Amino acid sequence: MFRSLFALLNLGLILGTAFIGMRLYWRNHPDWSTVKGSRLLSARVRAWYFSNLDPFERWLVHAGVRPIALTYAQVAGSVACALTYARGLVFTAGFLVLFTGTLDILDGKVARQINGDSPRGAFLDSVMDRYAEFVGYVGLMVFFGAGWRVWMVLIALLGGMMVSYTRARAEGLGVRCEIGWLQRPERFVLLGFGSIFSSIEVHAIGGDHPLLTATVTLLAVLGNVTAVQRMVYVSRTLGGATHA
Amino acid sequence: MHELRGKGWRVLGYFVWMLGAGVVLDSTALRTGGALLLVGAVLFAAGVWQSALGDGGTP
């Protein structure tokens, strides 16, 4: 009973605080045209979230923290996330997904601030990101244990890797490829909030994490759709370049 | 730590509160979770207070 009420109280607090924060930000900063949005995460939501990270960016730059240290912290956070999923601590794991996603944003912002946005840093960041993503999904697989849901996690993992690979390969061929429904920030938000709300639902209503199952299924479908979107886009672009 | 005044402490408080909520909901460590919830609430309130005084001001 206590946990049910506490879970519902937190649902209200998490959503209410974020909603009020967004409304206040949008009222005071009506122009977010410099931020790129997507279908699932609009430019104004991204602008609000990035603005929340500005104080930490300034503090990290002032403290002399290197971007690569944040990347390593992200990997460590992902390992912690995998362990929490594996132990069935779904709310905490969802929180860690959002936290590591935030570190992923911060390392890029800090790198740009200190002119440390080097090719070496970008390469290491990309590789570490893949390891971090893989580790998180492994924890989720251990949590589900057996059955079709493990296969869904595997397909979601494949989708996530293919989204990144298609972009990297396209950029290697000179094509800029940042299209698609489910890029990395969208994956963080879906899995993070999907886990948190699923945990709240289980504590308040019960069940075997139907919301987390739906989230993973959505990640599996949309991740691979994004990879196909990129394949088609790059094929058309390169085909056009050949005939031009 | 001056960079965190206002919004920074608010956001940090929000994150610490969420972590505390996770500990309370997911485990039996109610004291640890409760302490995190308290710290999160205090940090959030301090951030709101600083912003209200015009320090670290943008909402």
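Residues are numbered from 1 along each chain as its sequence is written, and chains are lettered from A in the order in which they are written. Because the model is predicted, local features need pLDDT of at least 70 and side-chain atom pairs count only at pLDDT 80 or more, whereas totals for chains, interfaces and linings use all residues.

The secondary structure of chain B consists of two helices and zero strands; helices (H or I, at least four residues) and strands (E, at least two) are DSSP runs, numbered from the N terminus. The C-alpha trace of this chain spans about 40 × 20 × 10 Å along its principal axes. Of the 59 residues in chain B, 46% are buried, a residue being buried if 20 or more other C-beta atoms lie within 10 Å of its own, exposed if 12 or fewer, and partly exposed in between, with C-beta atoms placed from the backbone. Helix α1 of chain B (residues 7-26) reaches 28 Å from its first C-alpha to its last, close to the 28 Å expected for its 20 residues at 1.5 Å a residue; the expected span is 1.5 Å times one less than the number of residues. This helix is mostly covered, with 18 of its 20 residues buried.

The contact between the chains takes 23 residues from chain A and 20 residues from chain B, where two residues are in contact if their C-beta atoms, placed from the backbone, lie within 7 Å. On the side of chain A that touches chain B, the largest share, nine residues, comes from α1(A). That side divides into 13 nonpolar, eight polar and two charged residues; Ala, Val, Leu, Ile, Met, Phe, Trp, Tyr, Cys and Pro count as nonpolar, Asp, Glu, Lys and Arg as charged, and the others, Gly among them, as polar.

The largest nonpolar core has 61 residues, of which V153(A), A156(A) and V216(A) touch the most other members. Such a core is a set of buried Ala, Val, Leu, Ile, Met, Phe, Trp, Tyr and Cys residues joined through C-beta atoms within 7 Å. Leaving aside residues up to four places away in sequence, V153(A) touches Y137(A), L140(A), M141(A), F144(A) and V216(A).

M152(A) is found in helix α6 (residues 148-172) of chain A. M152(A) is buried because 22 other C-beta atoms lie within 10 Å. Residues up to four places away in sequence not being counted, M152(A) touches V216(A), T217(A) and A220(A).
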